[in-house]
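Please look through the sequence and the structure shown below before reading on.

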Amino acid sequence: MVKDLTKGTPWRVLLSLSLPMLVSVAFQQMYNIADSVIAGKYAGENALAEVGASYPITMIFMAIAIGSNVGCSVLVSKLFGQKEMGKMKTAIYTALLTAFGLAVVLVLAGVLLSGVFLDLLETPEVVRTNAIAYLQIYIAGFLFLYVYNVVTGIFTSLGDSITPLGLLIGSSIGNIVLDLLFVIQYHWGVPGVAWATFVAQGMACVIALGILLVRLKKVETREPLCLYSWNMLKQIARVAIPSILQQSFVSVGNLFVQVLINQSGENVIAGYSAAIKLNTFAITSFATIGNGVSSFTAQNVGAAKYQRIRKGFRAGAIMALAIGTVFFVCYFGFSRQTIGLFMSEDTMKEEALQTGISFLKIVTPFYFVVALKLLADGVLRGTSSMKYFMITTFTDLILRVGLAYLFFPIFRVMGIWYSWPIGWIVGMVLSLLFYDMVVKRLMKE
């Protein structure tokens, strides 16, 4: 289903686009959390730490996929808004072929260097072996993950968030079933968790790609079909490269933070692993609404309907604040119960439990701040204002990492938690200032 985001009441249009995307995120994060829950309860005493030790590295690969998703979707949204269907198809085929080639290179490099990555993070020897096995299998499946993200980004840019929802529901349920089968029934341990993700993502990727190709054949164009265009690649890269760098640098910043976590022992790693999975659920939900705002903005910029941009931002802000309230109540009010989900009664360590609880207690009150930042960032991406987007992101990142290293000798892991809200607040202020400036400039033009 292709949807024109330049028509209709902005809040209704954005809600109809974002709601299926949010449900998709819920299923995606539930199976990510299920990986850690099943590992923590059934795969051994150190399984949660083994999965968590490689988490920042897997997030770098995920960052590349998400950045490429954004770069492709912004251009496709603009071309769709301009009704340039031939150019739109060329942009899509160019993005798919580029994604496939780049993914192959990254998979080969990642599998070969998995051990080196974990050594650089000062991963404790007690969790290193299984962490390497998990990481290598995960990276091997990155080809599927990368192409799948680009395809779903294209669906979203055309106003279709229902198809990605159906694909993700099927993939999530399949992943959880395979987790239970491989870990509990076959006793494959932590590698079984990775194999479950590999198989589920592979099937989702193949099905999504097939649906997209069938739909593209039905799109009629006047000019001859061009499968690859260097000009289109340049336009995609103009947004994709800053988005990839933004996502990657955030992940690299998390790597530096993970070094501090790893220095604190396997119990702290386990507690942080549980808390960061829960936190990622919330942040990804806000970012998903931001992506919806980005597609909404890009289509309306393409159609020169600039007055709709602020209305879309306000609608997104209301949605994000409502979701943020739910996460805050669950994580702040029931932090012990939510962290306890990841640990069995036999292997639960009080240090691990308190580590996760302290993270949630300090970070979750500021979800409303980061939500507004990510929505403003969505508008900046949708208007291709990537310079401002990069400034806000790097300011947030540098503050969080720098303050974590400054506070760690004084407050230990609590100092790391304190750095997050400070970075978010400064980043939000900059994002909102740039958002206001960009929209005013468009209105004048």
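## Cysteines

Cys330 counts as partly exposed, because its relative accessibility is 34%, where partly exposed is the range between buried, under 20% relative accessible area, and exposed, over 50%, taken with a 1.4 Å probe and protein chains only. Cys205, by contrast, has a relative accessibility of 6% and therefore counts as buried. A search of the whole structure finds 0 disulfides, a disulfide being a pair of cysteine sulfur atoms within 2.5 Å.

## Basis of the model

This is a predicted model, in which local features need pLDDT of at least 70 and side-chain atom pairs count only at pLDDT 80 or more, while totals for chains, interfaces and linings use all residues. Residues are numbered from 1 along each chain as its sequence is written, and side-chain values use heavy atoms, with hydrogens and water left out.

Ile66 lies in helix α3, which covers residues 55–81; helices here are DSSP runs of H or I with at least four residues, strands are runs of E with at least two, and both are numbered from the N terminus. With a relative accessible area of 25%, Ile66 is partly exposed. Apart from its neighbours within four places in sequence, Ile66 is in contact with Asn149 and Gln247, contact meaning heavy atoms within 4.5 Å. Ile66 and Gly312 are 246 residues apart in sequence, and their C-alpha atoms are 22 Å apart in space.

Thr355 has its place in helix α14, residues 350–363, and counts as buried because its relative accessibility is 5%. When neighbours within four places in sequence are left aside, Thr355 is in contact with Val268, Gly271, Tyr272 and Trp417.

## Helix α16

Helix α16 has 26 residues, 386–411, which should span 38 Å at 1.5 Å a residue, and its end C-alpha atoms are 36 Å apart, which agrees; the expected span is 1.5 Å times one less than the number of residues. A kink of about 30 degrees lies at Tyr405, shortly before the proline Pro409, the bend being the angle between axes fitted to the seven residues ending at a residue and the seven starting there. Arg412, which follows α16, has a positive phi, near 60 degrees.

## Nonpolar core

The largest nonpolar core has 141 residues, and those with the most contacts inside it include Phe142, Phe286 and Ile416; such a core is a set of buried Ala, Val, Leu, Ile, Met, Phe, Trp, Tyr and Cys residues joined through side-chain atoms within 4.5 Å. Helix α11, residues 266–302, supplies the largest share of this core, 17 residues. Ile416 touches Val257, Leu260, Ile261, Ala404 and Phe408, not counting residues up to four places away in sequence.
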